[in-house]
Amino acid sequence: MVSHIEHLQIKAGGVELHLASQGEGPLVLMCHGFPGLWYSWRYQMPALAQAGFRAVALDMRGYGRSSRPLSSDQYGFDSTGEDVLAVLDHFGEKQAVLFGHDFGANLAWHMAAHHPDRIRAIAPLC
């Protein structure tokens with residue numbers, strides 16, 4: 001039986017992030033692109049949870065119930081990458097599989113290049 005979707009708010013680098021989480025097991029983190037929300041991953045989450053993973057979909061900063069910094073320099077890959085690391089740390093995970101769509105795909109590539117010790121695999125979707 002697949003568990004319900006749990007909604008969480010966590011603090012990360014001066015912003016608050018909204019997460020939707022389902023299941024237990026190794027972490028799979030999903031980052032949407034434009035114009036998405038965590039809800040973009042609603043069909044993948046139950047399938048991943050059923051397969052034995054903790055499926056977590058993020059409202060990226062500036063979207064949904066996550067903080068919306070006013071300065072454009074707060075949306076670069078270094079800032080959004082810190083958000084990804086904060087999610088891993090929140091769940092006590094050393095590594096995660098990172099799915100990304102659109103600009104989330106670019107973030108997945110960035111994370112693999114700059115934080116290879118924290119990223120088990122990436123699935124960039126354009």
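This is a predicted model: local features need pLDDT of at least 70, side-chain atom pairs count only at pLDDT 80 or more; totals for chains, interfaces and linings use all residues.
Residues are numbered from 1 along each chain as its sequence is written, and side-chain values use heavy atoms, with hydrogens and water left out.

Six strands make up an open, mixed sheet in the order β1-β2-β4-β3-β5-β6, where strands are DSSP runs of E of at least two residues and helices runs of H or I of at least four, numbered from the N terminus, and two strands pair if DSSP finds at least two bridges between them. Because β1 (6–12) and β6 (119–125) stand at the edges with a single partner strand each, one side of each is left without a neighbour in the sheet. Seven bridges join β1 to the antiparallel strand β2 (residues 15–22), and Glu-6 stands opposite Ser-21 in β2. Helix α2 (residues 77–90) packs on the sheet, touching β1, β2, β3 (27–31), β4 (54–59) and β5 (96–101), contact meaning heavy atoms within 4.5 Å.

The whole structure holds four salt bridges, each a side-chain nitrogen of Lys or Arg within 4 Å of a carboxyl oxygen of Asp or Glu. In one of them, the closest N and O atoms of Arg-61 and Asp-83 are 2.7 Å apart; Arg-61 lies in the loop between β4 and α2 and Asp-83 in helix α2, so the pair ties together parts that are 22 residues apart in sequence. Another joins Asp-89 to Arg-118 at 2.9 Å.

How values were computed:
Axes are lines fitted to C-alpha atoms, for helices over the stretch in contact, and angles run from 0 to 180 degrees between N-to-C directions.
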